[in-house]
Amino acid sequence: MDILLVVGRVLFALIFINSGIAHLTKLNDMTGYAQFKKVPAPKLAVIVTGLMLIIGGLYIVFGVYADLGALLLAVFLIPTAFMMHNFWTIQDPQAKQGEMINFFKNLSLAGAALIIFVLVGSGVDFGPSVTDGFFNL
């Protein structure tokens, strides 16, 4: 079963690692979008959240304080859902649908990240890991 835990961790984390890399490699584009969405200090926000995504994803993949990594992801995902995917403000039906999908995707992933946070922080076996959890819940 360890292999399934590792595969699941990798599959879960890939979206975050990929997105974090995009935050940093497409900094100007991401900053422009953050400005459009009225994110305070948009360039700094893009850099910080890009690092949060990469670190959180890698922590989960390698089992290095995976609970802390999951918490980083949840802290990113919940505000991002409301700030960046505020579908209730969109008039165009197609754009509204896309934002609604991304809003609920973020909330769903945040829920999974919070589950990982609690399980790892509580000492549940998370498969082969470099460290135990950071927190002792």
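I took buried to mean under 20% relative accessible area, exposed over 50%, and partly exposed in between, with a 1.4 Å probe and protein chains only. By that rule, phenylalanine 135 is partly exposed at 27%.

Housekeeping first. I am working on a predicted model, where local features need pLDDT of at least 70, side-chain atom pairs count only at pLDDT 80 or more, and totals for chains, interfaces and linings use all residues. Residues are numbered from 1 along each chain as its sequence is written, and side-chain values use heavy atoms, with hydrogens and water left out.

**Entry: rings**

I looked up aromatic pairs and found twelve of them. Rings of Phe, Tyr and Trp (its six-membered ring) pair if their centres lie within 6.5 Å; planes under 30 degrees apart count as stacked, over 60 as edge-to-face and the rest as tilted.

I checked phenylalanine 82 with tryptophan 88: the centres are 6.1 Å apart and the planes at 55 degrees, so this pair is tilted. Phenylalanine 82 is partly exposed at 42%, and tryptophan 88 is partly exposed at 43%.

Next I took phenylalanine 117 and phenylalanine 135, whose centres are 5.3 Å apart with planes at 75 degrees, so the pair is edge-to-face. This pair links distant parts of the chain, 18 residues apart: phenylalanine 117 sits in helix α5 and phenylalanine 135 in the segment after α5. I noted phenylalanine 117 as buried, at 14%.

**Entry: buried side of α1**

I listed the buried residues of α1, among them Phe12, Phe16 and His23. Helices here are DSSP runs (H or I, at least four residues), numbered from the N terminus.

Key: Helices (H or I, at least four residues) and strands (E, at least two) are DSSP runs, numbered from the N terminus.
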